[in-house]
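Please look over the sequence and the structure shown here before reading on.

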Protein chains: 2
Amino acid sequence: MNVNEQLAEALRLAVDPPGGVSVEALQDLVLDDRSRQWDIATAAQHVGVSPHTLRYYERAGLVTVSRNPAGHRVYDAPAIRRLVFLTRMRTSGMPISDLRQYIDLVDRGDATIPDRLDLLVEHRDTLRAQLAQIQLALAATEYKIATYGGSTQP
Amino acid sequence: MNVNEQLAEALRLAVDPPGGVSVEALQDLVLDDRSRQWDIATAAQHVGVSPHTLRYYERAGLVTVSRNPAGHRVYDAPAIRRLVFLTRMRTSGMPISDLRQYIDLVDRGDATIPDRLDLLVEHRDTLRAQLAQIQLALAATEYKIATYGGSTQP
DNA sequence: GCTTGTGTTGGAGCGCGCTCGAAGCTCTAC
DNA sequence: GTAGAGCTTCGAGCGCGCTCCAACACAAGC
């Protein structure tokens, strides 16, 4: 599986969850059409957040978005990809301050890759711990359901 | 596996995660020693939250705690068990309002068991969705780590 | 008896992540 | 040309879940 296939797979995975990314947006992203651009409403739809939130993320320094002559925001494929990543991390509970830190490293170039790796590994561990927590809560919930005589299936 | 064994197993599972419940507290709970009582500081330690939070939970109507002659809160085994359950649900993202609703049903007696089941099943579905989200974020993170050349193991 | 620690209450404050409002500019449709 | 939708900015507001403060009450140890 090469990198593009991995990316496509990761993006395909992103279709499923509610509040996720729309299919056609992902197709655009996989195609990486450099001429394709989106206004804030469309971008928001594709990313699965509100335009308010997109502006907020820009103010928070998570993305820099260029403007058209009218001063309106213009989102391109890389921006959307970054936003998809960011919202995925947000959904998983990563605070905006951490994302900001990571993004700053990205914007400072390849020399910061080791630092980014540190952050990512740390976050991976957080996610694994979180996974365990959720599984525990799920077990507790299913236990309660079982004791109440409810079916655990499906 | 009878109900007591299931409970013991569920409680054993609770030992592992960080910020979780202490081993001796669980032993007390499994023994269900009716004479054993705890002050707020000890209870907080056992449950893994701050005394502030315990008072807050009481104000929020999640637990009712009796007082000793001095007016100090006295936590018994059932109270602690409820708090362990509540904090587990909180950790998994269940809002306090939902917990309040569930607790109200519990306090209204067996007639509300169907309603409780509804709530639990709903929460189970939420947890499953959440699990998928976390797994997705984990996959994305591990993908990034891999592309940066970091080791995915362990 | 006095100090120190721990508890009590009500209410205020806070950090986070949005979310919205106001006032104004721009594009589109008719 | 004009209405209306949608964009811009800045700043304020909000809901949640704590977290802390002030002022006081009680308990244990010296």
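**Contacts with DNA strand D**

A polar side-chain atom of B:Tyr57 lies 2.9 Å from a phosphate oxygen of DNA strand D, a polar contact being a pair of N or O atoms within 3.5 Å (within protein, one must be able to donate a hydrogen and the other to accept it, and residues adjacent in sequence count only if both atoms are side-chain atoms). This is a predicted model, in which local features need pLDDT of at least 70 and side-chain atom pairs count only at pLDDT 80 or more, whereas totals for chains, interfaces and linings use all residues. Residues are numbered from 1 along each chain as its sequence is written, chains are lettered from A and ligands numbered from 1 in the order in which they are written, and side-chain values use heavy atoms, with hydrogens and water left out.

A phosphate oxygen of DNA strand D is also approached from chain A, where a polar side-chain atom of A:Arg67 lies 2.7 Å away from it. A:Arg59, by contrast, places a polar side-chain atom 3.0 Å from a base oxygen of the DNA strand D. There are 18 residues around DNA strand D, and those that come nearest are A:Arg55, A:Arg67, A:Arg73, B:Tyr57 and B:Arg90; a residue is near a strand if one of its heavy atoms lies within 4 Å of it. Of the atoms of DNA strand D that come within 4 Å of the protein, 73% belong to sugar and phosphate.

The surface near DNA strand D draws at least two residues from each of helix H3 (40-47) and helix H4 (51-59) of chain A and helix H4 (51-59) of chain B, where helices (H or I, at least four residues) and strands (E, at least two) are DSSP runs numbered from the N terminus. H4(B) gives the most, with 5 residues. By residue class, this surface has 7 nonpolar, 4 polar and 7 charged residues, with Ala, Val, Leu, Ile, Met, Phe, Trp, Tyr, Cys and Pro counted as nonpolar, Asp, Glu, Lys and Arg as charged, and the others, Gly among them, as polar.

Strand E3 (residues 73-76) runs antiparallel to E2(A) and is joined to it by 2 bridges, and two strands pair if DSSP finds at least two bridges between them. The open sheet has 3 strands in the order E1-E3-E2, with antiparallel pairing. Strand E1 (37-38) and strand E2 (66-67) of chain A are at the edges with a single partner strand each, so one side of each has no neighbour in the sheet.

A:Phe85 belongs to helix H5 (residues 77-91) of chain A and A:Tyr102 to helix H6 (residues 96-107) of chain A, 17 residues apart. The charged end of B:Lys144 sits over the ring of A:Phe85, 4.3 Å from its centre, the criterion being NZ of Lys or CZ of Arg within 6 Å of the ring centre and within 35 degrees of the ring normal.
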